[in-house]
Amino acid sequence: MSNRLNRHGFEMDVINQMETPFYYYDLDILHMTLEEIKRQTDNYPFIVHYALKANFNPQILNEIAKYGLGADLVSGGEIKQASEHGFKPGDMTFSGVGKTDWEIRLGLERGIGFFNVESVPELDVINQLAGEAGKTARIALRVNPDIDAHTHKYITTGTADNKFGINIEILDQVIRRAQELPNIHLSGLHFHIGSQITLMRPYVMLCETINGLLDHYEQQGINFEMINVGGGLGIDYENPDEHPIPDFKQYFDTFKNHLKLRPDQHLHFELGRAIVGGCGSLISRVVYVKENRNKKFVILDAGMTDLIRPALYQANHVVQNLTSSGQDTATYDVVGPVCESSDVFAHDCLLPATRRGDVIAIRSAGAYGESMASNYNMRPHPKSTFISR
Ligand code: LLP
């Protein structure tokens with residue numbers, strides 16, 4: 001591998017040979033991330049699952065599975081994909097509000113670790129299908145703790161208005177029901193309060209809620225083998241070079257310091273973005289630079305079909321010109337070619353004077369980038385390349 005790294009750490013020889021657009025994954029960053037997770041969780045009863053929805057590229061999965069992480073899955077397709085790329089069924093959790101019968105059967109057949117159950121009707125169906133399969137389903141009940149994670153409204157999941165989880169008011173009742181069902185083994189409680197959470201306060205509140213629930217159920221003689229606090233740890237979208245990986249110490253310390261786990265109780269996590277977000281960039285070429293009355297536009301060969309986050313969540317991803325680093329600068333709207341006004345990667349973005357053919361990196365796109373790509377406008381799925389030094 002060549003050493004022609006540019007100032008942001010990109011392998012320019014590799015990039016210049018590739019047809020754009022494509023996802024560029026820096027496996028060194030991924031490995032650093034996984035090492036750090038290992039360091040922060042060693043010697044604690046913590047089990048980290050990787051949420052496949054963030055990125056299910058086979059090569060990324062192979063790398064993550066090597067570190068012994070479990071998998072958090074939300075569809076039959078993801079159960080199959082995780083099984084094919086190194087994850088063990090017993091280390092899988094299956095989440096989601098709308099699990100269909102074939103997906104539940106698949107999970108039972110494969111012997112997945114836990115079903116995260118979101119409602120009473122789902123509990124009844126899992127019980128019935130487990131009975132038919134001659135199995136016992138191990139489950140965690142997903143509780144809606146009504147905590148506002150202060151993130152974008154489309155990625156907040158833990159407030160009472162969301163479709164997710166079981167409201168605390170009816171939890172006693174649902175637990176009793178789960179205990180009565182013959183083919184269900186109630187292992188624990190599951191929570192997930194949202195995504196791209198950068199403040200620790202919502203997690204402290206989550207710990208306090210869980211502590212209250214553990215005390216309450218202990219008094220009733222109910223002990224849980226495991227607690228699952230979901231995922232959601234955010235990444236620094238604004239400073240990808242300075243902070244390619246999140247502050248895992250602060251995150252895991254929050255649970256070490258605030259959650260009163262019982263002896264022999266395991267704490268499960270389901271992290272997606274924090275694991276893969278920083279290692280991926282979308283690489284694109286400038287097709288045209290054009291000027292309208294009030295604005296200059298950089299038009300890329302990548303669009304919202306390759307990375308929908310800016311269009312869907314008004315998300316900010318740093319845009320860098322990898323070809324030109326000149327002193328001359330200009331302000332551009334950086335847009336894609338798709339026939340939608342929302343196909344914009346960045347508004348009023350200060351870049352070096354940019355020309356047709358320049359290579360552009362859209363940073364921090366490892367999570368919910370490639371996995372949310374679509375074929376709208378009959379555009380092909382973006383390709384990918386992997387760098388490791
Ligand atoms: N567990 C459950 C039950 C989830 O619903 C999610 C994400 C995760 C774990 C992983 O969350 P993470 O650690 O990645 O924040 N497409 C959006 C994010 C949607 C997240 C959905 N659920 C985005 O691009 O920001």
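**Exercise 1. Work out where the ligand sits relative to the two domains, and why.**

Step 1. Start with the ground rules: this is a predicted model, in which local features need pLDDT of at least 70 and side-chain atom pairs count only at pLDDT 80 or more, while totals for chains, interfaces and linings use all residues. Residues are numbered from 1 along each chain as its sequence is written, and side-chain values use heavy atoms, with hydrogens and water left out.

Step 2. The domain bounds come from an automatic or database domain assignment.

Step 3. Now count the shell. The ligand is surrounded by 17 residues, where near means that a heavy atom of the residue lies within 4 Å. The closest are Ser 195, Glu 270, Arg 309, Tyr 313 and Tyr 368.

Step 4. Sort the shell by class: six nonpolar, five polar and six charged residues. Here Ala, Val, Leu, Ile, Met, Phe, Trp, Tyr, Cys and Pro count as nonpolar, Asp, Glu, Lys and Arg as charged, and the others, Gly among them, as polar.

**Exercise 2. Find polar atoms of the protein that sit by the ligand's N and O atoms, then see how much of the ligand is buried.**

Step 1. Move on to the backbone. Gly 232 puts an N or O atom 2.8 Å from a ligand oxygen, and a polar backbone atom of Arg 273 is also 2.8 Å from an oxygen of the ligand.

Step 2. Check the burial: alone, the ligand exposes 590 Å², and the protein buries 92% of that (Shrake-Rupley areas with a 1.4 Å probe; for residues, only the protein chains shown count as cover).

Step 3. Trace the elements. Strand E10 (266-271) and helix H11 (309-313) are the ones that give two or more residues to the shell (DSSP runs numbered from the N terminus, at least four residues for helices, H or I, and at least two for strands, E).

**Exercise 3. Describe the second largest pocket and the largest cavity.**

Step 1. Set up a 1 Å grid over the protein atoms alone: a cavity is where a 1.4 Å probe fits but cannot get out, a pocket is an open set with protein on both sides within 12 Å along at least five of seven lines, and lining residues have an atom within 4 Å of a point. Points are joined across faces, edges and corners, and volume is the space filled by probe spheres set on them.

Step 2. The second largest pocket holds about 360 Å³. Its lining has 19 residues, with Gln 196, Thr 198, Ile 235, Asp 236 and Tyr 237 nearest the centre, and each domain supplies at least three.

Step 3. The largest cavity has about 40 Å³ of space; its lining includes Ile 235, Asp 236 and Ser 364.

Notes:
Polar contact = N/O pair within 3.5 Å; in protein donor to acceptor, adjacent residues only side chain to side chain.
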